[in-house]
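I opened this structure to see what I could look up in it. My notes follow the order in which I searched.

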Amino acid sequence: MVRDPFASESTPSAEEICSALDDPDCREIIRHLEEPMTASELTKQCEIPQSTLYRKLELLTEATLLEESTEIRQDGHHASKYSVAFDEITLGLDEERSLTVQIERPARTADERLAELWSEVRKET
């Protein structure tokens, strides 16, 4: 199950964040996501094989660095779109000298909050 990057209880560990950001393909994906894109659009932009790209998208969404949304199409063939789900990441050390992570998220628009609410309602029915 993919974590919701905007839910407060879903902050991943510093190790998960560092692992995702250590991957050159993941960094390439983030670099190209100036606006939401589908996996096929990202495959063309990043020149990453599609099977590899899907694994990297899963790694990034699990680390809550990307948000996955659904683009509703009239033909019924809906598509997942991915967007960057952070503005800033700060790594630090706590009192026990363990890594800590803070993620600054972009502000949500009213449309995004409504879409999130609708998605939750659909899950319940």
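**Ground rules.** I am working with a predicted model, where local features need pLDDT of at least 70, side-chain atom pairs count only at pLDDT 80 or more, and totals for chains, interfaces and linings use all residues. Residues are numbered from 1 along each chain as its sequence is written, and side-chain values use heavy atoms, with hydrogens and water left out.

**Core.** I looked up the largest nonpolar core and found 22 residues in it. Such a core is a set of buried Ala, Val, Leu, Ile, Met, Phe, Trp, Tyr and Cys residues joined through side-chain atoms within 4.5 Å. Buried means under 20% relative accessible area, exposed over 50%, and partly exposed in between (1.4 Å probe, protein chains only). I29, L42, L57, L60 and L66 have the most contacts inside this core. The elements giving two or more residues to it are α1 (14–22), α2 (24–32), α3 (39–46), α4 (50–62) and β5 (99–104). I note that helices (H or I, at least four residues) and strands (E, at least two) are DSSP runs, numbered from the N terminus. Next I checked L57. It touches I29, A39, L42, L66 and Y82, leaving aside residues up to four places away in sequence. Contact here means heavy atoms within 4.5 Å.

**Salt bridges.** I counted a side-chain nitrogen of Lys or Arg within 4 Å of a carboxyl oxygen of Asp or Glu. The count comes to 2. K56 and D23 form one, at 2.5 Å from N to O. This pair links distant parts of the chain, with K56 in helix α4 and D23 in the loop between α1 and α2, 33 residues apart. Both K56 and D23 are buried. R31 pairs with E28, with the closest N and O atoms 2.9 Å apart. Both lie in helix α2, 3 residues apart, about one turn of the helix. R31 is exposed at 54% relative accessibility, while E28 is partly exposed at 21%.

**Cysteines.** How many disulfides does the whole structure hold? My search found 0 (the rule is a pair of cysteine sulfur atoms within 2.5 Å). I also looked at two cysteines. C26 is buried, with a relative accessible area of 0%. C18 is partly exposed at 29%.

**Helix α5.** I finished with V121, which lies in helix α5 (residues 110–124). V121 counts as partly exposed because its relative accessible area is 37%.
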